[in-house]
Structure formats: structure tokens, C-alpha cells
Amino acid sequence: MPVSLPLTLLPASIFFANATLYVTLYSRLPEVSSTQSVSPSELGLALLAQTGGTLLGFPVASPLIDRFGARRIAGAMLLAAIILLPAAATGSFAPGLWGIALPLCLYGFAMAVMEVAKNLIAARIEERSGRNVISKSHG
């Protein structure tokens, strides 16, 4: 007999993991800035790079999802976030401003694509089940 899981488990898990990663980095920005020797204005530019990545990610989300599927894309982008946020915190890509800005730009791209994928997953479950899934997935 197959195990029946709550309809919201997959999308809610993706939402939770993303939020946890995000909060973990952003609650430590003063420490990250100090460790990487970046000024407040440089930190602001690095954070702006995330927005730039997001703006680049939204237009390509649909073609990527059409080609590879929402679940694969959501998983791949979550894996990217798991790699990119610690890279931004530690400067493992490069020292200083670029060490924070480059992974945050890539993270912004990944999150834009993942936002579309995870909401599509929730919408499809909602459509098939006739139950409210999207709002439950958001918490």
C-alpha cells in the first residue's frame, strides 16, 4: 500500500529550505562584510547584484521549466542555492566585493527560476486535487 503524503509537502519543503538558506546568510551580513573586508557601500553593491541576477532569471525560467520540468529545475536551483550562499558568505569564489557579488548574482538568478518552478509545482497539485495548496505552501 503506497504511503500518502500531504499534498503540500513538496512545495512547502522547497519554500522552507529556500527561506532557511536566505535567512541564514542575511542574518550574518555584518560578519560576512567584516570577514571579507568590504565597506557598507560595497556590501550594498553586492546585494544589488542579487537583484540583477533575479531580473536575468525570470525571463529564462519558463523555457528552462518547459525543457527540463518544474521538479528538476526546482531541485537544481535549490542545490545551486545550497552552494552559492555559503560561497557568498565565505568568499570562496573571490575575495572582497566580487566574492560576495558574484555568488549573490547567481543566487538571484537561481531563485527567480526556482520561484516560478515551485509555484508551478504547487499550482499543478492544487489543480489536480481541487484543494488549496499554494497558500499553504507559503506558510
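Start at the centre: the largest nonpolar core has 33 residues, and Ile100 and Leu104 have the most contacts inside it. A nonpolar core here is a set of buried Ala, Val, Leu, Ile, Met, Phe, Trp, Tyr and Cys residues joined through side-chain atoms within 4.5 Å. Buried means under 20% relative accessible area, exposed means over 50%, and partly exposed is in between, with a 1.4 Å probe and protein chains only. Each of α1, α2, α3, α4 and α5 supplies at least two residues of this core. The most comes from α5, with 12 residues. In soluble globular proteins, nonpolar side chains tend to be buried together.

Before you go on, note that this is a predicted model: local features need pLDDT of at least 70, side-chain atom pairs count only at pLDDT 80 or more, and totals for chains, interfaces and linings use all residues. Residues are numbered from 1 along each chain as its sequence is written, and side-chain values use heavy atoms, with hydrogens and water left out.

**Stop 1: Ile100**

Select Ile100. Which residues does Ile100 touch, not counting residues up to four places away in sequence? They are Val32, Gln36, Val38, Leu43, Ala46 and Ala88. Contact means heavy atoms within 4.5 Å.

**Stop 2: helix α5**

Now select residues 96-129, which make up α5. Helices (H or I, at least four residues) and strands (E, at least two) are DSSP runs, numbered from the N terminus. At 1.5 Å a residue, the 34 residues of α5 should span 50 Å. The end C-alpha atoms of α5 are 49 Å apart, which agrees. The expected span is 1.5 Å times one less than the number of residues in the helix. Step just past the end of α5 to find Gly130, with a positive phi of about 75°.

**Stop 3**

Is Lys118 buried or exposed? Lys118 is buried, with a relative accessible area of 2%. Leaving out residues up to four places away in sequence, Lys118 touches Pro11, Ile14, Phe15 and Asn18.

The side chains of Glu115 and Lys118 meet in a salt bridge, at 3.0 Å from N to O. A salt bridge is a side-chain nitrogen of Lys or Arg within 4 Å of a carboxyl oxygen of Asp or Glu. By this rule the count is one salt bridge. Side chains of opposite charge can pair when their charged atoms come close. Lys118 and Glu115 are three residues apart in α5, so about one helical turn separates them. Glu115 counts as partly exposed, at 27% relative accessibility.

**Stop 4: Tyr22 and Tyr107**

Next, look for rings. How many aromatic pairs does the structure hold? The structure holds two. Select Tyr22 and Tyr107: this pair is stacked, at 6.4 Å centre to centre and 25° between the planes. Rings of Phe, Tyr and Trp (its six-membered ring) pair if their centres lie within 6.5 Å; planes under 30 degrees apart count as stacked, over 60 as edge-to-face and the rest as tilted. Tyr22 lies in α1 and Tyr107 in α5, so the pair ties together parts that are 85 residues apart in sequence. Tyr107 is buried, with a relative accessible area of 1%, whereas Tyr22 is partly exposed at 36%.

**Stop 5**

Go back to α5 and pick Leu97. Leu97 counts as partly exposed, at 22% relative accessibility. Leu97 touches Val38, Glu42, Leu45 and Ala46, not counting residues up to four places away in sequence.

Ser37 sits in the loop between α2 and α3. Ser37 is exposed, with a relative accessible area of 62%. Ser37 is not a glycine, yet has a positive phi of about 55°.

**Stop 6: helix α3**

Finish with residues 40-68, helix α3. Its 29 residues should span 42 Å at 1.5 Å a residue, and its end C-alpha atoms are 39 Å apart, which agrees. Where does α3 bend? Select Val60: α3 bends there by about 45°, and Pro63 follows within four residues. The bend at a residue is the angle between axes fitted to the seven residues ending there and the seven starting there.

Colour the buried residues of α3, including Leu43, Ala46, Gly53 and Ile65. What covers the buried residues of α3 includes α1, α2, α4 and α5. Just after α3, select Gly69, which takes a positive phi of about 95°.
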